[in-house]
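Here are my notes on this model. Please keep the structure open as you read.

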Amino acid sequence: MVELGTRTGANGSNGTNATNGRTIDGSPLAHDAEMAWREAQGASQIGPFDYVPPMGFREYWYPAVFKKDVGTKKPVFVKMLGEDIVFFRGKADKVYALFDWCPHRSARLSQGESLFPGTITCEYHGYTFNGEGECVAGLIDSPNTPVVGKMKGRSYPTDEHDGVVYVWMGETEPVPLAEDLPPEIVDSRNHSYKHVSEWDANWTEPVNQGIDYHEAYLHRKTFNYMGGWTQPWKFKFHGLLSKELPFFRPRVANYGGIKIVHEDEKRVCSNPVNVAYGEDFHPGVNASWPRKRWYMFLPKRVRKTFSLMGADGASLLGIPSFSHGVELPSKIRTGSGSEKPAISLHMRWMVPVTLETCRVWTYTIGREPKTILGKAYKKLWYHLWRKPNTITRINEWEDLVTFQKDRLRYDLPQKLSTLDTVVIYFRRHLAQRSRDFQRLGGAYGSNHPPTKGAGLHQVATAFEQREMVGIEGGDC
Ligand code: FES
Ligand SMILES: [Fe+2]
């Protein structure tokens with residue numbers, strides 16, 4: 001366990017941050033790490049929605065759809081942040097986004113098609129709308145119909161990066177897209193694979209789960225390289241074949257506490273304090289856990305083991321490597337990647353859909369290999385190993401099933417532990433540094449609703465948002 005007097009790291013004993021008081025963008029640090037760490041020592045009751053909005057921070061760009069999926073004729077329907085959106089382009093290059101319910105008599109625009117570049121025509125009566133949501137033609141009404149220029153639907157700003165269309169659903173002016181993209185994917189030296197899936201969980205839990213250091217327990221079978229007799233396909237054969245022979249070495253028994261190693265205006269990153277391998281004695285149960293296994297006879301390999309979590313050397317973010325981090329509005333990193341093409345960063349970007357579902361964009365980001373052989377190897381590694389093993393097997397078969405719908409409650413008081421140091425930081429400090437708080441004075445649906453701006457009552461989620469305000473996270 002961490003002792004306050006001996007703690008080093010983020011806001012270490014001299015009170016300065018590891019990055020000399022500046023973020024990677026050059027702005028001053030927030031210095032909230034010490035407060036989050038202290039709060040974690042006392043079973044904090046900061047609730048999931050005290051400051052964090054149950055339907056997501058709105059003043060941000062979010063990934064919406066792959067551009068290749070938006071046809072020249074057929075639009076694409078996407079539900080996100082509780083709203084129904086139609087994406088279309090016709091033969092235009094740019095993809096546009098409109099509120100899906102037609103301004104005429106509220107049929108779904110996504111049932112229609114793009115007959116002209118950059119427009120969508122509603123299937124019901126043929127009114128046609130441009131990317132700004134303005135009616136530009138009434139095909140069966142009249143070429144001179146007076147509603148042109150008067151009938152208008154809601155449009156959302158869109159932008160693109162690397163084949164993905166991002167959308168801004170905030171009520172304030174959008175920032176440049178690059179400001180909200182993870183810096184690693186903007187760096188032209190890097191390459192990323194993207195995987196999208198729907199999870200039956202409020203968007204906050206995959207965020208919390210990405211920063212709460214559950215791995216050594218929830219994934220203990222993974223750590224043990226065993227799937228049990230009933231799930232032999234979970235056996236990690238590469239553990240036997242790897243030159244490091246990890247199968248024969250002691251696994252992580254506990255983390256010895258969590259420390260914040262980097263904080264800036266939009267993210268916080270952390271490492272375990274003092275990892276114990278093999279087994280450790282717990283006086284409360286007068287026993288050791290986990291039990292020693294006869295085949296773990298080789299010495300522990302700390303550096304190599306943790307480099308798998310990205311905690312060795314420099315990260316792709318340009319700060320010292322870390323094992324878990326969270327970035328506004330809803331991105332988590334497990335591992336931080338490195339200069340070596342072989343070590344990739346596992347980043348998930350959660351897009352709220354409804355109160356009980358979210359869309360998870362997993363970006364696997366690494367340095368682009370320089371040789372053809374290197375590129376081919378990386379492709380095989382991703383499709384044959386990383387995607388089936390990490391994204392499907394670990395994230396979707398082990399993580400999601402523990403907190404999916406009806407298996408986790410958001411309305412009961414929670415008592416956060418030292419493992420949750422980063423969760424506390426996210427729920428309390430990062431949430432209040434969000435653009436929703438900076439621009440609106442709060443976040444829709446949280447216990448601290450906006451003090452400025454009232455645009456949201458116009459959209460379909462307003463009812464859901466109001467319902468969630470009543471939920472007690474509790475600071476008591
Ligand atoms: S409802 Fe869309 S054109 Fe009438
Ligand atoms: Fe996990």
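1. Start with helix H1, residues 33–40. Its buried residues are Ala33, Ala36, Trp37, Glu39 and Ala40. Viewed down the axis of H1, they fall within an arc of 165°, so they line one face of the helix. The arc is taken from the directions that run from the helix axis to the C-beta atoms. "Buried" means that 20 or more other C-beta atoms lie within 10 Å of the residue's own, with C-beta atoms placed from the backbone. Helices (H or I, at least four residues) and strands (E, at least two) are DSSP runs, numbered from the N terminus.

2. A word on the source: this is a predicted model, where local features need pLDDT of at least 70, side-chain atom pairs count only at pLDDT 80 or more, and totals for chains, interfaces and linings use all residues. Residues are numbered from 1 along each chain as its sequence is written, while chains are lettered from A and ligands numbered from 1 in the order in which they are written.

3. What do the buried residues of H1 pack against? They pack against strand S13 and helix H9 (421–432). A contact needs two C-beta atoms, placed from the backbone, within 7 Å.

4. Now look at S13, residues 258–263. Here 6 of the 6 residues are buried, so the strand is largely enclosed by the rest of the structure.

5. S13 pairs with S14 (residues 267–272) in the antiparallel sense, over 5 bridges. Pairing requires at least two DSSP bridges between the strands. A hairpin of 3 residues joins S13 to S14. Glu263 stands opposite Val268 in S14.

6. Finally, the whole protein chain: 11 helices and 21 strands. Of its 476 residues, 43% are buried.

Key
Buried ≥ 20, exposed ≤ 12 C-beta atoms within 10 Å, placed from the backbone.
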